[in-house]
Amino acid sequence: MRISMLNSRDKGTARRRTSAAVALGAVLALTATACGDDGSGAGGDKGAEGSGQGKIVFWDNNGGIRTAAWKEIIADFEKANPDIDVEYVGIAATEYQSKVDTAIQGGGLPDVGGVTASMLAGFSAQGALEPLDERLTKSSLSGRLNKDMVESLKAAGGGDGTLYSMPTSANNGVLYYRTDLFEKAGLDAPTTWDAFYAAAEKLTDTGKNEFGYTIRGGSGSIAQAFDAMYGQSGITSFWDADKEKTTVNDPKNVEALEKYAALYKKVTPAADVNNDFAKMVAQWDTGTIGMLNHNLGSYQDHVKALGVEKFRGIPQPVGASGKRVQVSNPVDGLGMFKSSKNKEAAWKFIEFAMSKEQNSKFNESAGQVPSNTEAANDAWIQKAEPTKLAAQALNDGSTTIVQLPYYLPDWNTVSKSESEPGFQKVLLGDMSAKDFLDGLAEKLNEAQAEWTEQMG
C-alpha cells in the first residue's frame, strides 16, 4: 500500500488527472479497433446493436458478496430468453474500478457491468458507457423506477444530465449494535453520538478481548469517516455557499474526526487499521464487539452469524442539535458499455434484472432499497428492520443528506487511493486530523475548480 501525505506539493494534480482522463477518452475514440461479440471492446469503440441473441458478458462489481443472487437472476433470464447466454464474471469491489479502467484502455470490456454513482464520472469521461435515456423511455421500466435514484445517477454522470447507469438499489449507512451486550451492560440504544461514545467505552475490556466498536481503517474507510464527521458537526453541505471550497476541513469537522479517530485501539481492535468491510463485518459477526458502522448490505451476514435476536441495525446517530446528518451512499446500478457488439441482448438483460420480481430478489439478498417502485412494497422490507428504518429515516424529514461530489472524475481516486493511507496515519497518530483534512480539501478544491471550468 502506498503511503503518502496530502500536501501542497500535489497542487494541480487533480487538474492534470482530469484533463488526462478526458484526453484519453478522445484518443480511445479515435484508436479503438473492432472486436467480436464477446464483449472485448475498449473505451471509445461504438459497438453495435447486434442480433439480440448469442452471448453477452456481465461483470459484477461486488463479486462473491452478490454472486449467488446474480447467478439466480441469470438462470431466470436464460430460461426466459433461451437464445441468450450470459457469462458471469464476479470481481471484488476493491478491484473492480481498476479492472474496468484497464479494459477501457486496452480492451476486454464486458457488455454489461455494475456501475455505481461513485464510478460514473470516471467511466463516462473516457467515453466508455452507452447513454440509456432513450432505451429507458421506450422500456417497460419507464415510470416504474425511483425518480430520486434515477436523478442521482444522472447527476453523477459528469454534469450533462445523461443517464449512463440504471439504478438497481439504494444503500444507507447503518449503526449495528449487539442488543445482548447492551442489555447486559444496562445501556440504551446508541441513537445519539454521545450515547455511541459512552457505549463504546463501557463495552470495552481489552483484557477479555471485548471491544465497544470496530472502526474501518482499510479500503473504503473515508465514507464512514465522513459520516462520523458530518454526523457530529451538523454541517449539511459538502461545499461552501459559492460551491468553490469544500467543508471537509471545517474546524467542526476536524474536531469530529479527531474524536472519532481517537477510538482506535482505545475501544477497538488493533487490527482495525487494515480492515476493509469484509474483514470488519467478519470480525464483528464472530467476536465480542458492541457496535459496527456499515450499511444495509451486510444485514443478511449478521442474521446468519448472530440471528435476529442478538443485534439491531438502526439509522446513524443524531447530533447535538437533535438532527441526523449523514453523507450520501452511492446508488448502485447497471451500465452498458459502448463497445458491446450485442447491445440489444445487453439491454434485455438489464431490463429483466430490474423487473419487479428480479429487482426485489436482488435487494432482499443485498438488504438494500429496491429501485423498482413496485418491488419497494414487497413484504420482506417490512421484516428487514434496518431496511425499513432506513427508508423511514430518509423519507420522514429527520435526516439531512450531505451529497458527495460523485460527478467529479477525480472523486474515486481522491477519496480512496489518495486518502485511505492518510487516514491510516491519523489512526496511528502519525498525522493530525487537521493536516489530513487540509490536504484532502486542497485536492477536492482543485478538482472542483477544474470541473467548473470544463462545464463552462
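**Second pocket**

I started with the second largest pocket, which holds about 680 Å³ of space. The model I am reading is predicted. I counted 27 residues along the lining of this pocket. Closest to its centre I found Asn146, Asp148, Met149, Ala170 and Leu394.

I noted α16 as the source of the largest share, four residues.

Then I sorted the lining of the second largest pocket by class. I got 15 polar residues, 11 nonpolar and one charged.

**Largest pocket**

I moved on to the largest pocket, with a volume of about 1300 Å³. Its lining takes in 48 residues. Ala93, Ser118, Arg216, Gly220 and Lys416 lie closest to the centre.

Which elements supply at least two residues each here? I listed the helices α3 (93-106), α4 (117-125), α9 (221-233), α11 (277-286), α17 (411-417) and α18 (420-428). The strand β7 (289-295) is also on that list.

Which element gives the most to the lining of the largest pocket? I wrote down α17, with six residues.

I sorted this lining by class as well. It has 23 polar, 17 nonpolar and eight charged residues.

Methods
Residues numbered from 1 in each chain as written. Predicted model: local features only at pLDDT ≥ 70, side-chain atom pairs only at ≥ 80, totals over all residues. Heavy atoms only, no water. 1 Å grid on protein atoms, 1.4 Å probe; cavity = no way out; pocket = protein on both sides within 12 Å on 5 of 7 lines; lining within 4 Å. Points joined across faces, edges and corners; volume = space filled by probe spheres on them. Nonpolar A, V, L, I, M, F, W, Y, C, P; charged D, E, K, R; others polar.
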